Amino acid sequence: FNRVAQYDDAISQYLSSRTADGTASLFPDQANLCFGKLADLRYGENPHQNAAWYRELAPPPGSLAEARQHQGKELSYNNIADADAAWECVRQFDAPACAIIKHANPCGVARGATLAEAYARAFDCDRTSAFGGIVALNQPLDADTAEEIVQIFTEVVIAPEATDEAKEVFAAKKNLRLLTTGGLPDPRKARLAVRQVSGGWLVQDDDNGHIAAPDLK
């Protein structure tokens with residue numbers, strides 16, 4: 001039944017996105033959202049809320065939903081939400097970059113000549129709030145950066161990849177979750193951002209616009 005529903009939804013969405021001239025609209029007349037459950041979560045944003053984690057049927061490569069967890073206890077609702085905010089931030093940078101997020105707010109975001117320098121600069125933005133935060137890195141995690149990160153308690157570290165030496169550093173921190181995504185999402189690839197409102201949804205294309213120096217006035 002799930003497979004038949006997905007098949008019908010794909011046809012419905014394709015046909016309802018056709019415009020009068022035969023081209024495809026980004027926003028079809030009927031939007032069919034299909035997701036597969038990744039996991040039941042211990043609780044939601046608050047302990048009295050039930051929660052589960054779903055992903056798109058074909059999530060883009062390098063997305064959080066495609067990440068592999070190497071160690072640590074299961075992720076919570078807030079861990080996932082904060083990891084997504086941090087991951088969406090660092091994927092916009094080309095140079096080594098780090099974002100530290102706590103309760104959906106950035107404690108620090110920085111670039112550096114190396115990943116370790118980027119982490120140190122992000123940590124220096126607010127050393128107090130960074131405790132127990134989520135760290136996202138836009139390049140493969142190396143041992144030097146891992147050694148810096150384990151100096152304080154960190155909930156989650158997410159990176160495209162991690163070296164074996166970095167994993168060994170983290171292995172001593174049993175409660176630290178390490179996630180690797182296998183790469184970064186393509187910032188130029190068109191995506192839809194969906195936000196729930198009372199009785200409906202707001203949908204827009206992804207905020208992947210680039211502002212260069214000549215655009216500033």
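Strands here are DSSP runs of E, at least two residues long, numbered from the N terminus. In this predicted model, that numbering places Pro59 in the loop between strand 2 (51-56) and strand 3 (68-71). Start there. Pro59 counts as buried because its relative accessibility is 15%, and buried means under 20%. Leaving aside residues up to four places away in sequence, Pro59 touches Ala65 and Glu66. Leu184 is 125 residues from Pro59 in sequence, yet the two C-alpha atoms are 13 Å apart in space.

Glu66 leads on to the charged pairs. Its side chain meets that of Arg55 in a salt bridge, 3.2 Å from N to O. This pair links distant parts of the chain: Glu66 sits in the loop between strand 2 and strand 3, Arg55 sits in strand 2, and eleven residues separate them. Glu66 counts as partly exposed, at 36% relative accessibility. Arg55 is also partly exposed, at 30%.

The structure holds seven salt bridges. Another one joins Asp40 to Lys37, with the closest N and O atoms 3.1 Å apart. Asp40 has 53% relative accessibility, so it counts as exposed. Lys37, at 46%, is partly exposed. Glu88 and Arg91 form a further bridge, at 3.0 Å from N to O. Here Arg91 is buried, with a relative accessible area of 7%. Glu88 is partly exposed, with 21%.

Now step back to the whole chain. It has five helices and ten strands. The C-alpha trace spans about 60 × 50 × 35 Å along its principal axes. Of the 217 residues, 34% count as buried. Take the contacts with a separation of 6 or more: residues 24 or more positions apart account for 40% of them. The chain exposes about 13500 Å², and carbon and sulfur atoms supply 50% of that area.

Part of the surface is a nonpolar patch of about 860 Å². Leu26, Phe27, Leu33, Phe35, Tyr54, Leu192, Val194, Trp201 and Val203 make this patch. Strand 9 (192-197) and strand 10 (200-205) each supply at least two of its residues. One patch member, Leu192, lies in strand 9. Leu192 counts as partly exposed because its relative accessibility is 41%.

The two strands are also paired. Strand 9 and strand 10 run antiparallel and are joined by six bridges. Arg195 has Leu202, in strand 10, as its bridge partner. Two residues lie between the strands of this hairpin. There, Gly199 takes a positive phi near 80 degrees.

Last, the cysteines. A disulfide is a covalent bond between the sulfur atoms of two cysteines. The cut-off for a disulfide is a pair of sulfur atoms within 2.5 Å. The closest cysteine sulfur to that of Cys125 is in Cys107, 9.2 Å away, so the gap is too far for a bond. Is Cys125 buried or partly exposed? Cys125 is partly exposed, because its relative accessibility is 47%. Cys34 counts as partly exposed too, at 22%.

Notes:
Residues numbered from 1 in each chain as written. Predicted model: local features only at pLDDT ≥ 70, side-chain atom pairs only at ≥ 80, totals over all residues. Heavy atoms only, no water. Patch = residues over 30% accessible without salt bridge, like charges linked within 9 Å, V, L, I, M, F, W, Y side chains within 5 Å. Areas by Shrake-Rupley, 256 points an atom, 1.4 Å probe, with all protein chains shown as cover. Salt bridge = Lys/Arg side-chain N within 4 Å of Asp/Glu carboxyl O. Helix = DSSP H or I, 4+ residues; strand = E, 2+ residues; numbered from the N terminus. Buried < 20%, exposed > 50% of the residue type's maximum accessible area, 1.4 Å probe, protein only. Pairing = 2+ DSSP bridges. Contact = heavy atoms within 4.5 Å.
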